[in-house]
Amino acid sequence: MRGTVKAAPSFDARADAEALRKAMKGMGTDEETILKILTSRNNAQRQEIASAFKTLFGRDLVDDLKSELTGKFETLMVSLMRPTYIFDAHALKHAIKGAGTNEKVLTEILASRTPAELRNIKQVYLKEYEANLEDKITGETSGYFQRLLVVLLQANRDPDGRVDEALVEQDAQVLFRAGELKWGTDEEKFITILGTRSVSHLRRVFDKYMTISGFQIEETIDRETSGDLEKLLLAVVKCIRSVPAYFAETLYYSMKGAGTDDDTLIRVMVSRSEIDLLDIRQQLRKNFAKSLHQMIQKDTSGDYRKALLLLCGGDDE
């Protein structure tokens, strides 16, 4: 794993639980202690701390954090306490809850997770919320955007194996005919091929497509589709090329320009901190000539900034 957050050596869940209780007891809150403990333990250890906290004090650690902290800092600390396997299911539930759907969250999670992760998300969603995730998504989305989400949710992408060059050629030709060569676009073909073929196969298809058409597949998607479908197709292509590069771009745009998209910033920092945040940092530096550390430094403040910088785990000079 290429995460920035690892299991803390010589970990003592009881000692951490006691330190957190002390930090929140009585008048005022010791935010520094809270953020230092929670950003330097991995998720499994945080769950042990929560369990020790309940055993020692008969209190719920997350409830205490919610009552003692505020704003973005509270959101970040509570997100860190969410069990890894529930994290994505919870984000998806909130993306399809109430008025309006957050298509951005659906796109980010379903385009970037592996088939095994997607199968896990569906199981957890059913167990936690007693609802079928696919039914919920189909109830809140429509058209080709909905169809591609459903295809991705099946988690039936071909496993990586030997690449069949004849099929690569065939798929590249099908995509070319479905897009550039057609009046209008045959979205079904894009959905089927991009949603079901293996990662190594699709990387070869993108190269072949460039040879046949003279365009990158992203340029064609940009021209031939629009709206939520376009964003989802592009996210799928980017994740096939490189998941860390996709998240580097996501983080970059969450902080670029006026205002910060804190929900996205928190979601990516928390969900990738134990997986590939080191690679994401490198990709951000390479593709945007920016350091994630410096962007966070510039765009955030207070305890929220301190905690994000600790999760970031250093600067890429």
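## Contact between domains 2 and 4

The centres of domain 2 and domain 4, taken over C-alpha atoms, are separated by 24 Å. Six residues of domain 2 and ten residues of domain 4 take part in the contact. The model is a predicted one. Its protein is divided into domain 1 (13-81), domain 2 (97-154), domain 3 (165-241) and domain 4 (243-312).

The size of an interface is often given as the accessible area lost when the parts come together. Between domain 2 and domain 4, about 660 Å² is buried, and carbon and sulfur atoms give 47% of that area. On the side of domain 2, Glu108, Ser112 and Arg113 supply 64% of the area buried against domain 4, more than any other three residues.

Polar interactions cross this interface. Two salt bridges are counted between domain 2 and domain 4. The count of residue pairs in polar contact between domain 2 and domain 4, with both residues at pLDDT 80 or more, is also two. By class, the side of domain 2 that touches domain 4 consists of one nonpolar, two polar and three charged residues. Glu108 is joined to Arg267 by a salt bridge, with 2.7 Å between the closest N and O atoms.

Arg267 is among the buried residues of α17. Ten of the eleven residues of α17 are buried, so this helix is largely enclosed by the rest of the structure. The buried residues are Asp262, Thr264, Leu265, Ile266, Arg267, Val268, Met269, Val270, Ser271 and Arg272.

Thr264 belongs to helix α17, which covers residues 262-272. Its relative accessibility is 2%, and Thr264 therefore counts as buried, the limit being under 20%. Leaving aside neighbours within four places in sequence, Thr264 is in contact with Lys104, Glu108, Thr250 and Ser254.

Ser254 has its place in helix α16. At 3% relative accessibility, Ser254 is buried. The side chain of Ser254 reaches the backbone oxygen of Leu251 at a distance of 2.7 Å. When residues up to four places away in sequence are not counted, Ser254 touches Gly259, Thr260, Asp261, Thr264 and Leu265.

Ala91 is part of helix α6 (residues 84-95). Ala91 is buried, with a relative accessible area of 15%. Not counting residues up to four places away in sequence, Ala91 touches Val105, Ile109 and Arg267. Ala91 and Ile109 are 18 residues apart along the chain, and their C-alpha atoms are separated by 8.7 Å.

## Salt bridges

The structure holds 21 salt bridges.

| Asp64 | Arg59 | 2.8 Å |

Glu249 lies in helix α16 (residues 243-255) and Lys238 in helix α15 (residues 227-241), so the pair ties together parts that are eleven residues apart in sequence. Glu249 is partly exposed at 24% relative accessibility, and Lys238 is partly exposed with a relative accessible area of 26%.

In the pair formed by Asp64 and Arg59, Asp64 is buried, with a relative accessible area of 8%, whereas Arg59 counts as partly exposed at 33%.

Note on methods
Residues are numbered from 1 along each chain as its sequence is written. This is a predicted model: local features need pLDDT of at least 70, side-chain atom pairs count only at pLDDT 80 or more; totals for chains, interfaces and linings use all residues. Side-chain values use heavy atoms; hydrogens and water are left out. Domain bounds come from an automatic or database domain assignment. Contact means heavy atoms within 4.5 Å. Buried area is the accessible area (1.4 Å probe) that two parts lose on being put together, summed over both. A salt bridge is a side-chain nitrogen of Lys or Arg within 4 Å of a carboxyl oxygen of Asp or Glu. A polar contact is a pair of N or O atoms within 3.5 Å; within protein, one must be able to donate a hydrogen and the other to accept it, and residues adjacent in sequence count only if both atoms are side-chain atoms. Ala, Val, Leu, Ile, Met, Phe, Trp, Tyr, Cys and Pro count as nonpolar, Asp, Glu, Lys and Arg as charged, and the others, Gly among them, as polar. Helices (H or I, at least four residues) and strands (E, at least two) are DSSP runs, numbered from the N terminus. Buried means under 20% relative accessible area, exposed over 50%, partly exposed in between (1.4 Å probe, protein chains only).
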